Amino acid sequence: MKTIIGLEVHIQLNTKTKLFCSCPNLSSASPNTIVCVICLGMPGSKPLVNKEALVKGIQLGMALGSDINSRIFFSRKTYFYPDMSKNYQITQYEAPTASEGSLSLDKKTIRIRRLQVEEDPASLVHEKSFSLIDYNRSGTPLIELVTEPDFNSVEEVSLFLEKLQAILDYLNIHDVHEGSLRVDVNVNIEGHPRVEIKNVTGMKSIEKAILFELVRQKLALKSGKALIQETRHFDAETGKTLTSRSKETEADYGYILEGDIPLISFHSSFLKTIHDTLPELPERKMQRFQEEFGIDSYQAFVVCLELGTADLFELLVQKFDSNDLANWISGPLRKVLNYNKKTFVQTKISSEDIFSLLSLQLPTRAKEMILRSLIEKREDPEKIAKKLGYSSLSEKELEKLVEGVLKNEKEALASYKKGEEKALNFLVGQVISTTQGAADPKKVRAIFKRKLE
Amino acid sequence: MKVQDLIQEMEDLDTQYSLVLARNTSFSGKKALVVKDNICTQGIITTAGSKILEKYIPVFDATVIARAKKQGFDVLCKNPMDEFGFGSFGTHCAFKIPKNPHDTHRVCGGSSAGTAAYIASSKYVDYGLGQSTGGSIACPASFCGVVGLTPTYGLVSRYGAIDYGNSLDKIGPITKTVKQSAELLSFIAGKDEKDGTTYAAHTDNYPSFCGKSIKGLKIGVPREYFGDDVDEEVKESVRSALDVLKKKGAILKDISLPLQNLVVPVYYILANAEASTNLAKYCGLRYGLQKDIRDFDSFDSYASSVRSSGFGLEAKRRIMIGTFVRMLGYRDAFYLKALRLREKLIHEYQKIFQDVDVIAGPSMPILPPTFAEAEALSPVQAYLVDIFTIPSNLCGFPSLSVPCCKKGLPVGLQLIGNHFKEGLLFQIGDAYENNHRS
């Protein structure tokens, strides 16, 4: 049973102002404080196009190798919903910003059908018996990116989204925060009807939603039930997809031209300038890091996942062993960033901080603990080390600890002497745990070996 | 003239002809401007003639209002109109139906009905602002016997005009004389940063065209504008007006207009398609008519209820037509085809303007009907009376309607020019008017 998946990705752009008015484009503010007559859809107001958003759309289109439309216009997509200030959305229909792009994964290429710039509706806050509308988000710029149904597994979807996020980061067109990347997923088993899961937010939820849906569809087919084409939504709390109130007919948005916005033409020299000033993109950087610094493709991939860590690597690689550095960035640093759901740039930690941290004569585990503290509160890494009790232990202090362990752990010592190498690991572990990770396991092991020779 | 006289007259005109909706209670006493009620006026109720916007007070002035204020005008009052501009007679009004000052049994013409009637009947007020989507300035100007200019699309900002059909809507002056029309246009015309469809650098010194000789100007007279379905009285008045222009040195050329039978259907498809999206925002959530939301179990049922009681019959009819023509399966056959025909029409008219300076004919094919006559018309018959005024909106051309009947009910002479040729229209209109007066 072959799995077929296609995505519609909604990407919030980090422009200074909204798409059709001069309200600031902020991701957080008190409800209904960044609004004006345009984004509230007051009678008589007219949309004015934000060129920055169009340029950012073109940049992404180019980064994905798409055909760029040199003449675009906007359309009205009409549907009634309480989050819509005008009950139509200004989007691109016949003439999207870009079409026919692609993004390559390790072994295959995902085709991108179209990429359009459009406005986001307001956000709804659902309470028990009522809902509230916050128009701060109303009219903020989005890119909607539609892929062909080229995915055959969840892993491919995750990899695609990781790579896409890296590109967005390099182009500096998107700020990562809760809800800044929303995905509609189309999932079906080959030969069976397509199910759309609407508006899933966050990588974990996207993965869970697809997995749940695949299992649900396969089980239904196994038990002989027929699947229907429908729209579902993902409930993050239960991890299940549920049927949304089904529509009587297929959605009909009655697209017409947006008469308030004239046709926009981009001169070829304007497009060329955008193309020529695109930054080095993740794929290219990964290649270069492998060639220039001799790190492997996995290290390069993780180091280059965001521009902040790639820049950090390039800055510090002169001072540390490239492999050790790449390992540390793709290992502990990546782990701590993911745990905190922050990008390196968002942590505000400087490359100098990381330089001091990595210069400390402490084991990896200790450095990771210091990093965790550093993310919470920016401080001199050496001070944090002291606070946490990670003053670098002297050789003598370590020897004392080793001697203590040898005295107490007679049984393990006997096993080791009988030739059980594993017993030594246990002994080393005892020292490490009494120092709460501050001792360097390599050094401790060396002392043991010396003592036991 | 004292402010009290203005106010007294306003009350009298409202009593006699039902011409006033909201009044500006803080009228400054400057030059008075009367305004169609779909043009937003800060602090003054603006309803677009619809119950769904009853008591709606805009928080901003339309650009035309702001510009007129800078030139020493102040808004005196807002005038009744067909709901959202949906009508050719001024009878589809939610609040009051204005009466024609020339004969109170007759309609004012729509949709800028109250404004044209006000200018026609006021002793003191010479300047009004109307708005047109398919003839809503020319029609009431013609029926009420005043001057109405429908400018080139993009010359006058639409910012603050409550949208009917965004690609067709225009704001223009309704005045007693051509010269006044030219003056008011010069105050409101020009690029506006708040309206992306306005053009830079296309304005002229419009009043300077008044008084210029029209000798040698070529006026195209379309055969189709003098067909069997046009009232004899109308044809007679317009023909004698053309004779005047000829005597003044203009050259009349017999021309034929292309695709004339397509003008009305193309217009009603596009205008209603746009209108049906523009009216979607009125759902009782942020402004206008509201109900107790707790009485409803869903947004859909709430919005449906507000819209059912807020919109009048004609608005509902146009929402349905406009939604239908853009639905999947019909969009190609109606909406997209109409768009293509519109382009073709513009192209054909441009060809005519290579041979003639302006096109002249009647503004309306009929004299102002009585209320009973207007009511007896089917919707399609009513739509057909717009046949001569639609091309100006559909193709973005400027047009000027000038009164051209010396006795009896008013008739409008319509002059249509190429884009941004308002000056020529004033030149010819003024030449006719001066002759007519003397």
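Hi everyone, let's start with helix 2 of chain B, residues 63-70, where B:T63, B:V64, B:I65 and B:A68 are buried. Do keep in mind that this is a predicted model.

What do those buried residues pack against? In chain B, their neighbours are strand 1 (31-36), strand 2 (73-79), strand 3 (127-132), strand 5 (170-175) and helix 5 (178-188).

Now over to chain A. There are 16 helices and 16 strands in chain A, and its C-alpha atoms fill a box of roughly 85 × 55 × 45 Å along the principal axes. Of the 453 residues in chain A, 38% are buried. As for contacts in chain A with a separation of 6 or more, 68% come from residues 24 or more positions apart.

One sheet I'd like to show you is in chain A: 3 strands, open, in the order 5-4-15, with antiparallel pairing. Which strands stand at the edges? Those are strand 5 (88-91) and strand 15 (256-257) of chain A, each with a single partner strand, so one side of each has no neighbour in the sheet. Strand 4 of chain A, residues 75-78, is joined to strand 5 by 4 bridges, and the two run antiparallel.

Thanks, everyone!

Note on methods. Residues are numbered from 1 along each chain as its sequence is written. Chains are lettered from A and ligands numbered from 1 in the order in which they are written. This is a predicted model: local features need pLDDT of at least 70, side-chain atom pairs count only at pLDDT 80 or more; totals for chains, interfaces and linings use all residues. A residue is buried if 20 or more other C-beta atoms lie within 10 Å of its own, exposed if 12 or fewer, and partly exposed in between; C-beta atoms are placed from the backbone. Two residues are in contact if their C-beta atoms, placed from the backbone, lie within 7 Å. Two strands pair if DSSP finds at least two bridges between them.
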